[in-house]
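Please consult the sequence and the structure shown below while reading.

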Amino acid sequence: GEDLAADEPGLDAHARKDRGPVSISSRCRAERGGEKYISRKNRKETTTMAMEYSEKVMEHFAHPHNVGVLDDANGVGEVGNAKCGDIMRMYLKITDDEIIEDVKFQTFGCASAIATSSIATDMIKGRPLSEALKLTNQAVVESLDGLPAVKIHCSVLAEQAVKAAVADYYKRKGIPYEHPCDGCEEGCCGHDHGHAHDHEEE
(Lines give C-alpha, C1' and ligand atoms only; values in the text may rest on other atoms or scores of the structure.)
Protein backbone atom coordinates (compact mmCIF):
# COMPACT_ATOMS: atom_id res chain seq x y z
CA GLY A 1 0.00 0.00 0.00
CA GLU A 2 1.07 3.57 -0.65
CA ASP A 3 0.41 6.21 1.95
CA LEU A 4 -2.18 8.88 1.30
CA ALA A 5 0.38 11.66 1.64
CA ALA A 6 2.47 10.45 -1.29
CA ASP A 7 1.67 13.45 -3.49
CA GLU A 8 1.40 16.03 -0.74
CA PRO A 9 2.57 19.44 -1.99
CA GLY A 10 5.37 21.12 -0.10
CA LEU A 11 6.56 18.08 1.84
CA ASP A 12 9.58 16.04 0.86
CA ALA A 13 9.80 12.33 1.66
CA HIS A 14 11.75 12.94 4.87
CA ALA A 15 9.20 15.43 6.18
CA ARG A 16 6.31 13.11 5.39
CA LYS A 17 7.99 10.25 7.23
CA ASP A 18 8.51 12.40 10.30
CA ARG A 19 4.83 13.29 10.48
CA GLY A 20 3.73 9.77 11.31
CA PRO A 21 0.22 8.48 10.48
CA VAL A 22 -2.41 11.15 9.91
CA SER A 23 -6.17 11.11 9.88
CA ILE A 24 -7.48 11.03 6.34
CA SER A 25 -10.54 13.00 7.43
CA SER A 26 -8.34 15.83 8.69
CA ARG A 27 -6.31 15.67 5.47
CA CYS A 28 -9.51 15.95 3.47
CA ARG A 29 -10.50 19.13 5.31
CA ALA A 30 -7.04 20.65 5.32
CA GLU A 31 -5.96 19.86 1.78
CA ARG A 32 -9.06 19.79 -0.38
CA GLY A 33 -11.87 21.32 1.68
CA GLY A 34 -13.56 17.97 2.19
CA GLU A 35 -12.68 16.38 -1.16
CA LYS A 36 -10.74 13.15 -0.69
CA TYR A 37 -7.02 13.63 -1.26
CA ILE A 38 -5.38 10.50 -2.64
CA SER A 39 -2.12 9.56 -4.28
CA ARG A 40 -1.62 8.79 -7.97
CA LYS A 41 -1.66 5.08 -7.18
CA ASN A 42 -4.90 5.36 -5.22
CA ARG A 43 -6.51 7.51 -7.93
CA LYS A 44 -5.77 4.67 -10.35
CA GLU A 45 -7.05 2.18 -7.80
CA THR A 46 -10.39 3.95 -7.42
CA THR A 47 -11.03 3.64 -11.17
CA THR A 48 -10.88 -0.16 -11.00
CA MET A 49 -12.22 -0.76 -7.50
CA ALA A 50 -15.82 -1.23 -8.59
CA MET A 51 -14.84 -4.48 -10.35
CA GLU A 52 -12.65 -5.84 -7.55
CA TYR A 53 -14.02 -4.49 -4.27
CA SER A 54 -17.36 -4.92 -2.56
CA GLU A 55 -19.71 -2.01 -1.93
CA LYS A 56 -18.84 -2.22 1.77
CA VAL A 57 -15.12 -1.82 1.06
CA MET A 58 -15.88 1.18 -1.15
CA GLU A 59 -18.08 2.73 1.54
CA HIS A 60 -15.55 2.30 4.35
CA PHE A 61 -12.76 3.60 2.10
CA ALA A 62 -14.70 6.69 1.03
CA HIS A 63 -16.29 7.35 4.44
CA PRO A 64 -14.22 5.59 7.12
CA HIS A 65 -15.67 5.36 10.62
CA ASN A 66 -13.94 6.33 13.87
CA VAL A 67 -11.00 8.14 12.28
CA GLY A 68 -8.78 10.21 14.53
CA VAL A 69 -6.94 10.25 17.85
CA LEU A 70 -8.19 9.55 21.37
CA ASP A 71 -6.29 11.84 23.72
CA ASP A 72 -7.55 9.86 26.72
CA ALA A 73 -6.87 6.43 25.23
CA ASN A 74 -5.53 3.90 27.72
CA GLY A 75 -4.52 1.40 25.06
CA VAL A 76 -2.65 2.29 21.85
CA GLY A 77 -1.32 -0.19 19.31
CA GLU A 78 0.62 0.35 16.09
CA VAL A 79 1.45 -2.28 13.51
CA GLY A 80 2.86 -2.14 10.02
CA ASN A 81 3.89 -4.08 6.97
CA ALA A 82 7.46 -3.08 6.09
CA LYS A 83 7.20 -4.33 2.50
CA CYS A 84 3.97 -2.67 1.38
CA GLY A 85 4.26 0.31 3.73
CA ASP A 86 0.84 0.07 5.39
CA ILE A 87 0.77 1.41 8.96
CA MET A 88 -2.18 1.23 11.37
CA ARG A 89 -2.48 2.86 14.76
CA MET A 90 -5.41 1.94 17.01
CA TYR A 91 -6.57 3.91 20.07
CA LEU A 92 -8.82 2.33 22.70
CA LYS A 93 -10.60 3.89 25.65
CA ILE A 94 -11.36 1.02 27.99
CA THR A 95 -13.54 1.22 31.12
CA ASP A 96 -12.67 -0.28 34.50
CA ASP A 97 -14.94 -3.23 33.72
CA GLU A 98 -13.03 -3.76 30.44
CA ILE A 99 -15.56 -2.46 27.95
CA ILE A 100 -14.25 -0.63 24.88
CA GLU A 101 -16.03 2.66 25.40
CA ASP A 102 -14.48 4.39 22.40
CA VAL A 103 -12.05 3.60 19.58
CA LYS A 104 -10.27 5.61 16.91
CA PHE A 105 -7.71 4.77 14.25
CA GLN A 106 -5.14 6.35 11.96
CA THR A 107 -3.93 4.51 8.88
CA PHE A 108 -1.37 5.08 6.15
CA GLY A 109 -2.24 2.70 3.38
CA CYS A 110 -4.33 1.59 0.45
CA ALA A 111 -8.12 1.40 0.21
CA SER A 112 -8.18 -2.06 1.79
CA ALA A 113 -6.05 -0.91 4.74
CA ILE A 114 -8.42 1.97 5.41
CA ALA A 115 -11.55 -0.13 4.99
CA THR A 116 -10.34 -2.94 7.25
CA SER A 117 -9.29 -0.46 9.94
CA SER A 118 -12.70 1.21 9.77
CA ILE A 119 -14.78 -1.97 9.94
CA ALA A 120 -12.61 -3.38 12.74
CA THR A 121 -13.36 -0.36 14.93
CA ASP A 122 -17.09 -0.84 14.33
CA MET A 123 -16.79 -4.50 15.30
CA ILE A 124 -15.18 -3.83 18.69
CA LYS A 125 -16.72 -0.52 19.80
CA GLY A 126 -18.89 -1.01 22.86
CA ARG A 127 -17.76 -4.62 23.25
CA PRO A 128 -15.88 -6.30 26.11
CA LEU A 129 -12.14 -6.84 25.72
CA SER A 130 -12.75 -10.58 25.79
CA GLU A 131 -14.72 -10.26 22.55
CA ALA A 132 -12.22 -7.90 20.94
CA LEU A 133 -9.49 -10.45 21.57
CA LYS A 134 -11.51 -12.98 19.56
CA LEU A 135 -11.52 -10.74 16.50
CA THR A 136 -10.01 -12.54 13.50
CA ASN A 137 -9.02 -11.28 10.11
CA GLN A 138 -11.49 -13.72 8.56
CA ALA A 139 -14.31 -11.95 10.44
CA VAL A 140 -13.03 -8.60 9.17
CA VAL A 141 -12.98 -9.87 5.57
CA GLU A 142 -16.46 -11.35 5.90
CA SER A 143 -17.82 -8.10 7.34
CA LEU A 144 -16.56 -6.31 4.23
CA ASP A 145 -18.11 -8.94 1.94
CA GLY A 146 -14.66 -10.09 0.88
CA LEU A 147 -11.28 -8.71 -0.21
CA PRO A 148 -9.01 -9.54 -3.16
CA ALA A 149 -6.50 -12.23 -2.23
CA VAL A 150 -3.59 -9.81 -2.58
CA LYS A 151 -5.19 -7.56 0.06
CA ILE A 152 -5.84 -10.17 2.78
CA HIS A 153 -2.75 -8.94 4.66
CA CYS A 154 -4.63 -5.67 5.33
CA SER A 155 -7.23 -7.55 7.35
CA VAL A 156 -4.43 -9.23 9.32
CA LEU A 157 -3.00 -5.82 10.17
CA ALA A 158 -6.42 -4.64 11.37
CA GLU A 159 -6.69 -7.62 13.71
CA GLN A 160 -3.14 -7.15 14.94
CA ALA A 161 -3.65 -3.41 15.55
CA VAL A 162 -6.63 -4.12 17.81
CA LYS A 163 -4.75 -6.78 19.75
CA ALA A 164 -1.64 -4.59 20.02
CA ALA A 165 -3.79 -1.85 21.60
CA VAL A 166 -5.24 -4.37 24.05
CA ALA A 167 -1.73 -5.57 24.88
CA ASP A 168 -0.71 -1.97 25.58
CA TYR A 169 -3.69 -1.57 27.91
CA TYR A 170 -2.69 -4.65 29.88
CA LYS A 171 0.94 -3.49 29.99
CA ARG A 172 -0.12 -0.16 31.48
CA LYS A 173 -2.16 -2.05 34.06
CA GLY A 174 0.74 -4.34 34.88
CA ILE A 175 -1.25 -7.38 33.80
CA PRO A 176 0.70 -10.15 32.02
CA TYR A 177 -0.50 -10.63 28.46
CA GLU A 178 0.86 -12.74 25.63
CA HIS A 179 -0.03 -11.43 22.21
CA PRO A 180 -1.66 -14.28 20.24
CA CYS A 181 0.61 -13.62 17.26
CA ASP A 182 3.88 -13.67 19.19
CA GLY A 183 6.10 -16.13 17.35
CA CYS A 184 3.16 -17.85 15.72
CA GLU A 185 2.98 -19.67 12.45
CA GLU A 186 -0.01 -19.51 10.14
CA GLY A 187 -3.06 -21.12 11.69
CA CYS A 188 -2.05 -21.14 15.36
CA CYS A 189 -3.79 -17.89 16.26
CA GLY A 190 -6.98 -18.55 14.35
CA HIS A 191 -6.46 -16.28 11.37
CA ASP A 192 -5.17 -16.44 7.84
CA HIS A 193 -1.92 -14.49 7.66
CA GLY A 194 -2.20 -14.35 3.88
CA HIS A 195 1.54 -15.04 3.59
CA ALA A 196 1.20 -16.25 0.02
CA HIS A 197 -0.18 -12.88 -1.03
CA ASP A 198 1.46 -10.59 1.52
CA HIS A 199 3.59 -8.53 -0.82
CA GLU A 200 2.17 -9.24 -4.23
CA GLU A 201 1.48 -6.27 -6.43
CA GLU A 202 -1.87 -5.73 -8.05
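Along strand E1 (residues 75–80), which side chains point to one face and are buried, and which point to the other? The model considered here is predicted. In it, the side chains of E1 alternate.

Strand E1 has a partner, strand E2 (residues 87–94), and the two pair in the antiparallel sense over six bridges. Within this pairing, Val76 has Tyr91 of E2 as its bridge partner. The hairpin of E1 and E2 has six residues between the strands, and in this hairpin Gly85 takes a positive phi near 90°.

The helices may be considered next. In helix H4 (residues 55–62), the residues Val57, His60 and Phe61 are buried. They cover an arc of only 105° around the axis, so they lie on the same side of H4.

Two packed helices are described by the angle between their axes and the distance between the axes. The table lists these values for two pairs.

| Helix pair | Angle between axes | Distance between axes |
|---|---|---|
| H4 and H5 | about 90° | 8 Å |
| H5 and H8 | about 40° | 8 Å |

H4 and H5 pack at an angle of about 90°, and they are therefore roughly perpendicular to each other. On the H4 side, the contact is made by Val57, His60 and Phe61. On the H5 side, Ala111, Ile114, Ala115, Ser118, Ile119 and Asp122 take part. The three residues from H4 are those named above as buried.

Helix H5 (residues 111–124) also packs against helix H8 (residues 152–173), at an angle of about 40°. That angle makes H5 oblique to H8. The crossing of these two helices, H5 and H8, is right-handed. In H5, the residues Ser112, Ala113, Thr116, Ser117, Ala120 and Ile124 meet Cys154, Ser155, Ala158 and Val162 in H8.

Thr136 is found between helix H6 (129–132) and helix H7 (137–143). Is Thr136 buried or exposed? Its relative accessible area is 19%, and because buried means under 20%, Thr136 counts as buried. Thr136 and Val156 are 20 residues apart in sequence, and their C-alpha atoms are 7.7 Å apart in space.

Notes: Residues numbered from 1 in each chain as written. Predicted model: local features only at pLDDT ≥ 70, side-chain atom pairs only at ≥ 80, totals over all residues. Heavy atoms only, no water. Buried < 20%, exposed > 50% of the residue type's maximum accessible area, 1.4 Å probe, protein only. Helix = DSSP H or I, 4+ residues; strand = E, 2+ residues; numbered from the N terminus. Pairing = 2+ DSSP bridges. Arc of directions from axis to C-beta. Axes fitted to C-alpha atoms, helices over the stretch in contact; angles between N-to-C directions. Parallel < 35°, antiparallel > 145°, perpendicular 65-115°, else oblique. Left-handed = near helix turned anticlockwise from the far one by under 90°. Contact = heavy atoms within 4.5 Å.
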